[in-house]
Amino acid sequence: MALAASAAGGGLFGLVGTVIGRTAGLVEARQAQVHEQARWVHESEMQKLRIEAAAAGREAELHAAETSGAWVGLSASMAAEAVIGESDKWVNAVRALTRPALTVLLWGITGTVFLGADKAGQAGIVETANFAATAATLWWGGDRGPRREMR
């Protein structure tokens, strides 16, 4: 009806102008729709990245808490041993024999499990072994090592 009114009021040029104007409006609306769709895709991707970053942050916090707990356990173990003090000679001899044997046994078990684990499991075992090596170093040569008097 608008086209007919335009044609009646402005003749052929009015009709052509109206058609061109309506077509241009349609093209602009399509461009706006494409732009809006691209904006929503971008916003969706940004939200996805925010969610992934938050999940990674929570994972890092959990890992830090687990590691902190492991060190707290080692510290508690060292404190407990310090309270025990010197025992009878035979108790010290049994400890001196069993600790190295248990250490070798635990590393053997760890190696066996490592060979049967998938890549993610192996990564976890390597991380745990790294902590265990540090703890063993402290156990045998660090604070738990024999006390030597300074001259």
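The questions below concern the fold, the surface and some side chains.

Guide: This is a predicted model, in which local features need pLDDT of at least 70 and side-chain atom pairs count only at pLDDT 80 or more, while totals for chains, interfaces and linings use all residues. Residues are numbered from 1 along each chain as its sequence is written, and side-chain values use heavy atoms, with hydrogens and water left out.

Visitor: Which pattern does the chain follow along the sequence?

Guide: Helices (H or I, at least four residues) and strands (E, at least two) are DSSP runs, numbered from the N terminus. The chain has three helices and zero strands. Read along the sequence, its pattern is α-α-α.

Visitor: What share of the residues of the chain counts as buried?

Guide: Buried means under 20% relative accessible area, exposed over 50% and partly exposed in between, with a 1.4 Å probe and protein chains only. Of the 151 residues, the buried share is 7%.

Visitor: Which residue meets Arg 39 in a salt bridge?

Guide: A salt bridge requires a side-chain nitrogen of Lys or Arg within 4 Å of a carboxyl oxygen of Asp or Glu, and the whole structure holds one. Arg 39 is partly exposed at 36% relative accessibility. At 2.6 Å, N to O, its partner is Glu 36.

Visitor: Over the ring of which residue does the charged end of Arg 39 sit?

Guide: A charge sits over a ring if NZ of Lys or CZ of Arg is within 6 Å of the ring centre and within 35 degrees of the ring normal. For Arg 39, the distance from the centre is 5.2 Å, and the ring is that of Trp 40.

Visitor: Is Gln 122 buried or exposed?

Guide: Gln 122 belongs to helix α3 (residues 119-141). Leaving aside neighbours within four places in sequence, Gln 122 has contacts (heavy atoms within 4.5 Å) with Phe 114 and Ala 117. With a relative accessible area of 18%, Gln 122 is buried.

Visitor: What share of the accessible surface of the chain belongs to carbon and sulfur atoms?

Guide: Accessible areas come from the Shrake-Rupley method with a 1.4 Å probe; for residues, only the protein chains shown count as cover. The chain has an accessible surface of about 12,200 Å², and the share of carbon and sulfur atoms is 67%.
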